[in-house]
Amino acid sequence: MKAGLLPLWRDTDTVQIGIDPRRAAALTGLGTAAAVLSLLDGSRDAGELARTAQAYGISAATTDRVLGLLASAGVLNDFPASLHKFLPEYLRARLAPEMACASLAYGDGDGGARTIARRRAAFIRVYGAGRIGACVATFLAASGIGRVTCLDGGATEPADLAPAGLAIGDIGSRRGDAVARAIARIAPETVTADNPQLVPDLAVLTGPVTPDEVEALMRDRVTHLAVRAEEAIGVVGPLVEPGRSACLRCINLHKAALDPAWPKVLAQTGLGAGAGTGAGAGAVPAACDTVLAAATAALASAQALAVIDGCGPQPPAAANGTLELFLPEWQWRRRTWVPVSTCTCRARGATR
Ligand SMILES: [Zn+2]
């Protein structure tokens, strides 16, 4: 049965699997065959299940009927045996909550196996290892991403420390190395060594990025997500799918249309007009407290995982938009940014 859903009795003949009506299903008419439910803990294949049930006096036909009812209600997982070989036991145990959550969220009947296989094969490169970047990198590694690298040659400072990122012993050492150590503590199987020859599946821009770096991402068609939190505002997005959704330059063209002085303001951040929506060379210290950094990093990680998981027909919410957390409201809001027709990215008219 799907992990994460509790079987609960509504009456002597009806079992409800799950609590919240948006996830739960009710099955009636089980009678004595209800004992089959207690055997569905994932430890037996279909043949073993039928044999064990028979030992309890339940016929193979009845077991089949119960499995059919559960499957049609969408609460049965058929976890592929191949993944048992692919994932070591300890890793399967650690990733069990990820798989249970993915299976429910995406409605997959494979116990999250498809999602975890995609994550294990993925490479995400995080630019910047401040509070947000270090948090994003550790969240992604803990979520099962196979290779997570973090580019940041700066030295760790006290203001970089965060509960899900860099620790006090890292002060003074290279931030990128400190992130690799943080990942090793929570997800030691993750590859953290970068290889400039490899094109990542996704780049997350949490620190200053140069126009050249943005240009390279566009040229190599690397999907990238801009993330920043400063001035007591967290911003996740845009998620740029080059040529398919609004790029960083599109956003700056929109801003320049609203405020003619915007290019001049942007130039003073030291990033030029090509970038600017990744975290910039902002004020020191940034007005981004621990909780704002964690909230922004969490939503950014969720958007990143949505890209890797390929969760459905809808693009992630940060494509052609930004998700913004303005304090002290603590209420995420989405702003829409459509591609600009004059932009060199030529995303205008794309399907998204
Ligand atoms: Zn553009």
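My entries follow in the order I made them.

**Entry: ground rules.** I am looking at a predicted model, where local features need pLDDT of at least 70, side-chain atom pairs count only at pLDDT 80 or more, and totals for chains, interfaces and linings use all residues. I number residues from 1 along each chain as its sequence is written.

**Entry: confidence.** I looked up pLDDT, the predictor's confidence in each residue, from 0 to 100. The mean for the protein chain is 91, and 95% of its residues reach 70 or more. I flagged residues 272-279, where pLDDT stays under 50. For that stretch the model has 33 contacts beyond four places in sequence; two residues are in contact if their C-beta atoms, placed from the backbone, lie within 7 Å.

**Entry: overall picture.** I get about 80 × 45 × 40 Å for the C-alpha trace along its principal axes. The chain has 13 helices and ten strands, taken as DSSP runs numbered from the N terminus (helices are H or I, at least four residues; strands are E, at least two). Of the 352 residues, 40% are buried. I call a residue buried if 20 or more other C-beta atoms lie within 10 Å of its own, exposed if 12 or fewer, and partly exposed in between, with C-beta atoms placed from the backbone.

**Entry: domains.** I found three in the domain assignment: domain 1 (7-72), domain 2 (81-118) and domain 3 (122-336). Such bounds come from an automatic or database assignment. Between domain 1 and domain 3, the C-alpha centres lie 45 Å apart.

Entry: I began with β1 (residues 7-11) and β2 (residues 14-17), which run antiparallel with four bridges between them. For two strands to pair, DSSP must find at least two bridges between them. A hairpin of two residues connects β1 to β2, and Leu8 sits opposite Gln16 in β2. β2 also pairs with β3 (residues 25-28), again antiparallel and over four bridges. There, Ile17 has Ala25 of β3 as its bridge partner.

**Entry: Ala73.** I asked myself what Ala73 touches, leaving out residues up to four places away in sequence. I found Ala25 and Leu27. Ala73 lies in the loop between α3 (60-72) and α4 (81-86). It counts as partly exposed because 15 other C-beta atoms lie within 10 Å. I also checked Ala73 against Asp289: they are 216 residues apart in sequence and 44 Å apart in space, C-alpha to C-alpha.

**Entry: helix α6.** Which residues of α6 (residues 96-106) are buried? I noted Met99, Ala102 and Ser103. They cover an arc of only 100 degrees around the axis, so they are on the same side of α6; the arc is that of the directions from the helix axis to the C-beta atoms. Their cover includes α7 (113-120) and α13 (290-309). After α6 comes Gly107, with a positive phi near 70 degrees.

**Entry: the seven-stranded sheet.** I traced an open sheet with mixed pairing, in the order β5-β4-β6-β7-β8-β9-β10. β5 (147-151) and β10 (331-336) are at the edges with a single partner strand each, so one side of each has no neighbour in the sheet. β4 (residues 123-127) runs parallel to β5, and five bridges join them. One pair I looked up is Arg125 with its bridge partner Thr149 in β5.
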